[in-house]
Amino acid sequence: MNKSTRPFTTKTLAYCALLAALSVVLARLIIPMPNVTTRFSIEAVPIFLAGMLFGPMAGGLVGFSADLVGCLFSGFGYNPLFCLPPILYGVFGGVFRRYLAANPTLPRLGLSFLPPVVIGSILWQSAALSFVYNSKGSFTASLIYFLSTRSVQFAVTLVLDVLIIYLLLRTRVFERMGIWPPVAKEK
């Protein structure tokens, strides 16, 4: 396979592996976790960056691998119901990469983070948590509880995630590394 037809270069794979490892560390080792269903972390930052820097496929794979490997380090085990939100962070980082490359402002970053936060972390994850951890009571009551608590949790982490990526972009570290802004491939 020649270089122009490969989906990922070795350099891209190395960056993605580092971002996945960073996400695992941020998700499982350096976070306050008051209970089994609540976790305040900035684990989405490296996953979103993978999508933003290398495209939606790379971002989705980083999100999946970070979640899978991270579950090996937690005492809760792996459940495929919970892997959708990290994948969505990476995919939407890639979907919005050209939009962000044009002008990476705080509102644009916030808009780029909204779909994975709302669809994945709040709606999907609340339903999955209600399904898995609802041993007593109704599914609806459990869902309402998780929707309300996770909405507050992810409002806080959304602001942190957006600020961190904005500040990283302002330092121009990715430009100096030669991986930002995205460049159209020549045909």
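Visitor: How do helix H4 and helix H6 run relative to each other, roughly parallel or roughly antiparallel?

Guide: Two packed helices are described by the angle between their axes and the distance between the axes. In this predicted model, the axes of H4 (residues 84-95) and H6 (residues 106-133) come within 9 Å and cross at roughly 170°, where axes are lines fitted to C-alpha atoms, for helices over the stretch in contact, and angles run from 0 to 180 degrees between N-to-C directions. H4 and H6 are therefore roughly antiparallel to each other, angles over 145 degrees being counted that way, under 35 as roughly parallel, 65 to 115 as roughly perpendicular and the rest as oblique.

Visitor: Which residues make the contact between H4 and H6?

Guide: Contact means heavy atoms within 4.5 Å. From H4 come Leu84, Pro85, Leu88, Tyr89 and Phe92, while the residues from H6 include Phe113, Pro115, Pro116, Ile119, Gly120 and Trp124. The contact of H4 with H6 holds eleven nonpolar, four polar and no charged residues, with Ala, Val, Leu, Ile, Met, Phe, Trp, Tyr, Cys and Pro taken as nonpolar, Asp, Glu, Lys and Arg as charged, and the others, Gly among them, as polar.

Visitor: What should I keep in mind about numbering and confidence?

Guide: Residues are numbered from 1 along each chain as its sequence is written. Local features need pLDDT of at least 70 and side-chain atom pairs count only at pLDDT 80 or more, while totals for chains, interfaces and linings use all residues, and side-chain values use heavy atoms, with hydrogens and water left out.

Visitor: How do H1 and H2 cross?

Guide: The axes of H1 and H2 come within 8 Å and cross at roughly 160°, and H1 and H2 are therefore roughly antiparallel to each other. Among the residues that meet here are Thr12, Tyr15, Cys16 and Leu19 in H1 and Leu49, Ala50 and Phe54 in H2. By class, the contact of H1 with H2 has ten nonpolar, two polar and no charged residues.

Visitor: How many helices and strands does the protein chain have?

Guide: The protein chain has eight helices and zero strands, as DSSP runs numbered from the N terminus, helices being H or I of at least four residues and strands E of at least two. Of the contacts in the protein chain with a separation of 6 or more, 71% join residues 24 or more positions apart.

Visitor: Which residues have the most contacts inside the largest nonpolar core?

Guide: A nonpolar core is a set of buried Ala, Val, Leu, Ile, Met, Phe, Trp, Tyr and Cys residues joined through side-chain atoms within 4.5 Å. The largest one has 36 residues, and those with the most contacts inside it are Met52, Leu53, Phe54, Leu109, Phe113 and Ile165. H2 gives the most to this core, with nine residues. Leaving aside neighbours within four places in sequence, Phe54 is in contact with Thr12, Tyr15, Cys16, Leu19, Leu49, Arg97 and Ile179.

Visitor: Is Thr157 buried or exposed?

Guide: Buried means under 20% relative accessible area, exposed over 50% and partly exposed in between, with a 1.4 Å probe and protein chains only. Thr157, found in helix H7, counts as buried at 2% relative accessibility, and beyond its neighbours within four places in sequence Thr157 is in contact with Phe40 and Ser41. Ala101, which lies in helix H5 (residues 97-102), is partly exposed, with a relative accessible area of 26%.

Visitor: Which residues is Ala101 in contact with, leaving aside its neighbours within four places in sequence?

Guide: Ala101 is in contact with Trp180, Pro181 and Pro182. The C-alpha atoms of Ala101 and Pro181 are separated by 5.6 Å, although these residues are 80 residues apart along the chain.
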